[in-house]
Amino acid sequence: MSTAPWPSPLRHFVAQLDEQRSADVPDMDQVGRLLVELAADEEFFAPLIAEIPAAHPGDRWLVRPERGPRLVLVHRPDSVMGYTHSHRCWVAIAPVRGVETHQRWDAVRHPGGRAELRLADERAMTRGDVATLTPPHDVHNHGHVAGTGPSPYSLILLGDDMLRFDREEYDPGRGTWRALAPGDPGRSNR
Ligand SMILES: [Fe+2]
């Protein structure tokens, strides 16, 4: 991966990530540590965060090659939580600012759209925390829960372009699932 066009914190991050990725299956603890290290760079992220108004959902791609790992800064406003979904690639999430509530689900899909969903893990994450997921245990949702603190600006690192894959979207409240064809990003916010 060429690192030339990026500002130095991203160049450093991508170079270290490349070393981790020489193995077929990356060490997700190491990947998580690298992402937390990057998320701590207040000086780098402050101006990027300032460009995303707190009142609205927003994102800013930071690293986006055609294939392989990609990095996006995502903001969700107060009380806005994303839909539950799978990725079919590995994922790491680390807050830069605010409180990101992350829920991981164990999901069993049945024909006809019914799903059994069990909340496997729920964490209110702040800077210094990281959540990592590896398929097939890659069903999650995250965003802001009222009363937890300021709304989050978080780094999301994806192992590949998830829109190339057949994925699923879930509704834990209704106990349902639906297929997301390649290219379908699903519904963004609940
Ligand atoms: Fe996700």
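His102 is buried, because its relative accessible area is 2%, where buried means under 20%, exposed over 50% and partly exposed in between, for a 1.4 Å probe and protein chains only. This is a predicted model, in which local features need pLDDT of at least 70 and side-chain atom pairs count only at pLDDT 80 or more, while totals for chains, interfaces and linings use all residues. Residues are numbered from 1 along each chain as its sequence is written, and side-chain values use heavy atoms, with hydrogens and water left out.

His102 belongs to strand E5 (residues 100-109); strands (E, at least two residues), like helices (H or I, at least four), are DSSP runs numbered from the N terminus. The side chain of His102 makes a polar contact of 2.9 Å with that of His140, a polar contact being a pair of N or O atoms within 3.5 Å of which, within protein, one must be able to donate a hydrogen and the other to accept it, with residues adjacent in sequence counted only if both atoms are side-chain atoms. Leaving aside residues up to four places away in sequence, His102 also touches several others, among them Ile93, Asp121, Glu122, Met125 and His142, where contact means heavy atoms within 4.5 Å.

His140 leads on to the metal, for the iron ion is coordinated by the NE2 atoms of His85, His87 and His140 at 2.0 to 2.1 Å. Donors are N, O and S atoms within 2.8 Å of the metal (3.2 Å for Na, K and Ca), and water is not among the atoms, so sites may look incomplete. The donor residues follow the spacing H-x1-H-x52-H in sequence. Because His85 lies in strand E3 (residues 84-85) and His140 in strand E8 (residues 140-143), this pair ties together parts that are 55 residues apart in sequence. His85 counts as buried at 17% relative accessibility, and His140 likewise counts as buried, at 1%.

The strands also contribute to open spaces. A pocket is found on a 1 Å grid over the protein atoms alone, as an open set of points with protein on both sides within 12 Å along at least five of seven lines, and its lining residues have an atom within 4 Å of a point. The largest pocket is lined by 31 residues, with Asp59, Val74, Arg76, Met162 and Pro185 nearest its centre, and E8 is one of the strands that each supply at least two residues of this lining. The second largest pocket is lined by 13 residues, and E5 gives the most to that lining, with 4 residues.

Technical notes:
On a 1 Å grid over the protein atoms alone, a cavity is a set of points where a 1.4 Å probe fits but cannot get out, and a pocket is an open set with protein on both sides within 12 Å along at least five of seven lines; lining residues have an atom within 4 Å of a point.
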